[in-house]
Amino acid sequence: EEVEDASEPTKRDRSHLENTLKLNEDKPADDFSGVLQRLRKIYHSSIKPLEQSYRYNELRQHEITDGEITSKPMVLFLGPWSVGKSSMINYLLGLDDTPYQLYTGAEPTTSEFTVIMHGPKLKTIEGIVMAADSARSFSPLEKFGQNFLEKLIGIEVPHKLLERVTFVDTPGIIENRKQQERGYPFNDVCQWFIDRADLIFVVFDPTKLDVGLELEMLFRQLKGRESQIRIILNKADSLATQELMRVYGALFWSLAPLINVTEPPRVYVSSFWPHEYHPDTHKDLFLKEEISLLEDLNQVIENRMENKIAFIRQHAIRVRIHALLVDRYLQTYKDKMTFFSDGELVFRDIVEDPDKFFIFKSILAKTNVSKFDLPNREAYKDFFGINPITSFKLLSQQCSYMGGCFLEKIEKAITRELPDLLGSIGLGKKPNVLSCDVTGCGETPKNRYKKP
């Protein structure tokens with residue numbers, strides 16, 4: 001009697017994963033605690049006062065918390081359903097055949113936003129608990145409502161890679177379903193994660209390149225983040241070489257109108273799962289592509305502090321521009337008001353046609369602001385619809401004898417303090433030199449001569 005060979009598919013060697021991501025090295029991770037303390041101090045003393053005074057959060061809905069400043073780099077997985085996003089995370093972390101592997105299948109399986117982070121033992125955390133913990137960087141997600149928090153889940157895994165990075169798995173895009181049916185603002189939640197991601201993997205299955213309205217909306221949300229995007233053509237060994245080349249061309253043809261940049265995002269072609277590649281496929285090419293992607297991931301991890309400081313500086317520049325614009329709106333309003341004027345009509349005229357009053361042009365003429373950094377004029381109609389212009393003070397009035405002027409402090413942070421902090425890392429100086437015990441971080445100096 002013939003016995004069928006029911007053995008499972010053979011697993012690939014994982015040594016290239018461990019070598020490229022340096023998972024076997026015992027060297028301690030770089031201690032950037034001093035830099036982070038200094039960064040937090042600059043943000044709270046020089047950026048946040050102006051941010052709160054001019055209600056910047058109500059313009060862009062992006063409030064920076066201490067948890068976000070100290071958080072690890074975030075890698076976000078996006079794409080249609082059943083393209084292998086969860087399988088890829090399982091593969092990178094070696095979660096296959098463990099109790100905490102992410103559920104995968106041919107049908108739409110992931111219905112939650114799943115955050116995979118480091119922890120001392122395998123543990124699942126409910127979204128409501130994650131949002132309630134202010135020490136984590138996910139507390140702002142509470143604003144999306146309880147329906148969303150029920151679709152948010154955290155998994156702690158004691159894995160060496162997760163000591164340096166956090167993965168976020170998202171529900172797949174289903175073109176024939178309206179996103180409103182999910183019961184929470186799916187696109188707004190995606191935008192929240194996109195704004196905070198250091199690396200964005202947009203995963204595709206070569207056997208179903210369905211580029212529809214929902215995917216178009218997603219790429220519209222990714223506008224301006226092209227440097228963080230990596231496109232992955234997964235399950236590449238399921239096609240013959242000639243078919244794969246046609247699919248590769250079709251993918252670029254479909255995405256070209258959605259990614260309108262000179263240099264297209266990097267595309268990786270491989271099969272990110274633990275099983276051996278199908279025979280008669282380009283195994284060497286797929287392995288090289290996989291190693292290139294791992295090197296890309298490792299580069300983001302190693303540059304995490306530089307990226308964090310650059311992100312805070314970019315945020316500070318936007319806050320400064322917003323404050324200058326609100327100040328200019330307010331100054332124009334005060335100039336146009338007379339004893340007999342109707343304040344509401346005067347300001348409505350200014351908001352409806354700011355170019356008539358040279359609001360934006362005066363900012364470009366009198367300050368060193370790039371015209372490409374100016375926000376959308378339409379956004380200020382909504383902003384001032386919620387926040388009356390009379391509720392703000394002029395920048396010249398935002399000064400105190402002890403604290404100095406808000407504008408001067410944020411300009412000093414942008415031009416000197418943050419670049420100096422960035423330079424101290426780039427030049428290879430020890431981060432601990434910037435420890436708050438040495439610099440004081442702006443706090444009251446300790447009296448070293450006082451007896452304990």
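Predicted model: local features only at pLDDT ≥ 70, side-chain atom pairs only at ≥ 80, totals over all residues.
Helices here are DSSP runs of H or I with at least four residues, strands are E runs of at least two, and both are numbered from the N terminus.

**The largest pocket**

- Its lining is made up of 29 residues, and Tyr56, Arg60, Gln191, Asp195 and Arg318 sit nearest the centre.
- Two or more lining residues come from each of helix H3 (57–60), helix H8 (186–196), helix H12 (304–336) and helix H15 (377–386).
- Of these, H12 is the top contributor to the lining of the largest pocket, giving six residues.
- Domain 1 (71–281) and domain 2 (315–427) each provide at least three residues of the lining of the largest pocket.

**The second largest pocket**

- Here 36 residues form the lining, with Pro73, Met74, Arg196, Asp198 and Lys308 closest to the centre.
- At least two lining residues are supplied by each of helix H4 (66–70), strand S2 (113–118), H8, helix H11 (283–302) and H12.
- H12 again has the largest share, with six residues in the lining of the second largest pocket.
- By class, this lining splits into eleven nonpolar, 13 polar and twelve charged residues.

- H8 and H12 each give two or more residues to the lining of the largest pocket, and each supplies at least two to that of the second largest pocket.

Terms used
Residues numbered from 1 in each chain as written. Heavy atoms only, no water. 1 Å grid on protein atoms, 1.4 Å probe; cavity = no way out; pocket = protein on both sides within 12 Å on 5 of 7 lines; lining within 4 Å. Domains from an automatic or database assignment. Nonpolar A, V, L, I, M, F, W, Y, C, P; charged D, E, K, R; others polar.
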